[in-house]
Amino acid sequence: MQTPRNQFGFTLLEILVVLILLGIILSVAVLSVGGGKAREIEQEVQRMVQLIHLAKEEAILNRQELAVKFSPNAYEFLRLEDENWIPYTDDRLFYQRELGEEYELRLLQDGISVSLQEEDAGRILLLSSGEMTPFELYFGLLGSESRYHLIGNALGEITVEHPQDMNHV
C-alpha cells in the first residue's frame, strides 16, 4: 500500500487548460477592441449611404430637387430653391457632416475625377423623379491605400464595395 504524497504545483493538463482559456479571452478582447478606425470608417460609409437613400426618398415625396455636395473632408445636403442651392441648416438629419482631416473623399462622375475644392463641383443630384447623378466615390483614411468604393447609378441605387487598393483606380 502506497502512502499519499504531498503534491506541490499543477499538473501539465491543468496548465494547458489555463493557457487555452487565456488565449480565448485575449483573442476575444483583441477582436472587440481592434480595428477602431476601420470600424469608424465603415460606420460612416453606411451612414452616408443611408442618408443618401433617405434624401432621395425625401426628394420624391416632397417633389423637390436635392443634392449631396462633397468637399475634401465633409459632405452636406442641399435643396434647390429659386434656382439656388441652399444647404439644410436646421435639419436633424441632413446637416453638414464634417469628417476630419484624416479622411479623404474622391468623387468620379462619368469616369472623370471631380474637384471637391470648387464651389459648384462635387454634387450628386437627387431628383424628384427618383433619378440620381451616377457617381463613384472613394472613401478612406489619408495615407492609406485601402478605400471603400461607393457606386451610384442613375436609378438611385448605391452599391458599396469594401476596402480596395486606391492605386488600381
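This briefing covers a surface patch, aromatic contacts and strand pairing in one structure. The model is predicted. Strand E1 (residues 66-71) is largely enclosed by the rest of the structure, because five of its six residues are buried. Five aromatic pairs are counted. A nonpolar patch lies on the surface, with about 730 Å² of accessible area together.

**Strand E1 and its partners**

- E1 runs antiparallel to strand E2 (residues 74-81), and six bridges join the two.
- E1 and E2 form a hairpin, with two residues between them.
- Within this pairing, Val68 stands opposite Phe77 in E2.
- E1 is also joined to strand E7 (residues 123-126), by four bridges.
- E1 and E7 run antiparallel too.
- Lys69 has Arg123 in E7 as its bridge partner.
- In a regular strand, side chains alternate between the two faces of the sheet.

**Aromatic rings**

- A pair of aromatic rings is described by the distance of the centres and the angle of the planes.
- By the pairing rule, the count of aromatic pairs is five.
- Phe70 and Tyr75 have ring centres 6.1 Å apart and planes at 40 degrees, so this pair is tilted.
- Both Phe70 and Tyr75 are buried.
- Tyr103 and Phe139 also form a tilted pair, because their planes stand at 35 degrees, with centres 5.8 Å apart.
- Tyr103 belongs to strand E5 (residues 103-109) and Phe139 to strand E8 (residues 135-141), so their pair ties together parts that are 36 residues apart in sequence.
- Tyr103 is buried, at a relative accessible area of 4%.
- Phe139 is buried as well, at 0%.
- Ring pairs also link a cluster made of Phe70, Tyr75, Phe77, Tyr88 and Phe94.

**Charges over rings**

- Arg79 lies over the face of Tyr88, 4.9 Å from the ring centre.
- Tyr88 is also one of the residues in the ring cluster.
- Arg97 places its charged end over the ring of Tyr95, 4.0 Å from the centre of that ring.

**Nonpolar surface patch**

- The patch is formed by Phe10, Leu12, Ile15, Leu16, Val18, Leu19 and Leu22.
- Val18, one of these residues, sits in helix H1 (residues 12-33).
- The relative accessible area of Val18 is 47%, so Val18 counts as partly exposed.
- Patch residues need over 30% relative accessible area, so Val18 at 47% passes that cut-off.

Terms used
Residues numbered from 1 in each chain as written. Predicted model: local features only at pLDDT ≥ 70, side-chain atom pairs only at ≥ 80, totals over all residues. Heavy atoms only, no water. Patch = residues over 30% accessible without salt bridge, like charges linked within 9 Å, V, L, I, M, F, W, Y side chains within 5 Å. Areas by Shrake-Rupley, 256 points an atom, 1.4 Å probe, with all protein chains shown as cover. Salt bridge = Lys/Arg side-chain N within 4 Å of Asp/Glu carboxyl O. Buried < 20%, exposed > 50% of the residue type's maximum accessible area, 1.4 Å probe, protein only. Phe/Tyr/Trp six-rings, centres within 6.5 Å; stacked < 30°, edge-to-face > 60°. Lys NZ or Arg CZ within 6 Å of the ring centre and 35° of its normal. Pairing = 2+ DSSP bridges.
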